[in-house]
Amino acid sequence: MSDFQNNDPLIIGGVELQSRLFIGTGKYSNDALIPDVCASSGAQVITVAMRRVEKGGQGIVGHIPSHMRLLPNTSGARTAEEAVRLARLARAAGCGDWIKIEVISDTRHLLPDGYETAKATEILAREGFTVLPYINPDLYVARACADAGAAAVMPLGAPIGTNRGLRTREMIGILIEEIDLPIVVDAGIGLPSHACEAMEMGAAACLVNTGIASSTDPVLMGRAFRQAVEAGRAAWLAGPGAVRARGEGAQASSPLTGFLR
């Protein structure tokens, strides 16, 4: 782990994280790959759908290394009430107090319902959950979730599972500027370059599932995403140089004076 990472922790809900890459557990050809992906990616947070959690640590949870912080999600919930019920089940099942709120009633595009998401966020934050709502990159929805007690906001980069990259780049940039919470870009990130771009913009972290799990070599791809997130974060901390507009012309890297004659 690089020195700048040790001096640049991500803090969510009072928990200090060194890795800014979150990963998922869906779509793997073999769930037995998950421990190796956890290791290669360096991730500390992993999300799992509550409907895949079985009692006694069996099923998908049995493949998750014990050092990982579970981020159960409410995938499948269509209303705030359903999301709240799933969150409470996650806590009762021993998955902890972190919860990713997903409320989706749109079965074609799988876009989150902002109103129901904010409503669930408020209920669960009052109950002591560390709530990370998954939202469209809408400033008003993000503000509503922040006011409701969210610990971070998770805007989509593109529709979930599409691997299309940062199709909502401008809107995510507004959230980074305006919302005083960690912005974790979630959904649509298919390539390490997408994650690097999000981090260069100032995103606090990225959550990647399909981009890793659907690749030919998920373990190697996990490592690639780790390096991309680290590079993007380092670039943001370093402060990228100014971009010259097209009409301003080029600018020499070295002085155009003092040539030998």
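Modeller: A crossing of two helices is left-handed if the near helix is turned anticlockwise from the far one by less than a right angle, and right-handed if clockwise. In this predicted model, the crossing of H4 and H5 is right-handed.

Colleague: How is a packed pair described, and at what angle do H4 and H5 pack?

Modeller: Two packed helices are described by the angle between their axes and the distance between the axes. Here helix H4 (residues 114-126) packs on helix H5 (residues 139-148) at an angle of about 10 degrees, and their axes are 8 Å apart. Angles under 35 degrees count as roughly parallel, so H4 and H5 are roughly parallel to each other.

Colleague: Which residues of H5 make the contact?

Modeller: Val141, Ala144, Cys145 and Ala148 of H5 do, against H4 residues including Gly114, Thr117 and Glu122. The residues of this contact of H4 with H5 divide into six nonpolar, three polar and one charged.

Colleague: How do helix H7 and helix H9 cross?

Modeller: The axes of H7 (residues 192-201) and H9 (residues 218-238) come within 7 Å and cross at roughly 25 degrees. H7 is therefore roughly parallel to H9. Their crossing is right-handed. Among the residues in contact are Cys196 and Met199 of H7, with Phe225 and Trp236 of H9.

Colleague: What about the core? Which residues touch the most other members?

Modeller: In soluble globular proteins, nonpolar side chains tend to be buried together. The largest nonpolar core here has 57 residues, and Ile23, Ile46, Ile99, Ile101, Leu124, Val185 and Cys206 touch the most other members. Helix H3 (residues 80-92) gives the largest share of this core, six residues. Another core, of 16 residues, lies apart from it and includes Val15 and Val184.

Terms used. Residues are numbered from 1 along each chain as its sequence is written. This is a predicted model: local features need pLDDT of at least 70, side-chain atom pairs count only at pLDDT 80 or more; totals for chains, interfaces and linings use all residues. Side-chain values use heavy atoms; hydrogens and water are left out. A nonpolar core is a set of buried Ala, Val, Leu, Ile, Met, Phe, Trp, Tyr and Cys residues joined through side-chain atoms within 4.5 Å. Buried means under 20% relative accessible area, exposed over 50%, partly exposed in between (1.4 Å probe, protein chains only). Helices (H or I, at least four residues) and strands (E, at least two) are DSSP runs, numbered from the N terminus. Axes are lines fitted to C-alpha atoms, for helices over the stretch in contact, and angles run from 0 to 180 degrees between N-to-C directions. Angles under 35 degrees count as roughly parallel, over 145 as roughly antiparallel, 65 to 115 as roughly perpendicular and the rest as oblique. Contact means heavy atoms within 4.5 Å. Ala, Val, Leu, Ile, Met, Phe, Trp, Tyr, Cys and Pro count as nonpolar, Asp, Glu, Lys and Arg as charged, and the others, Gly among them, as polar.
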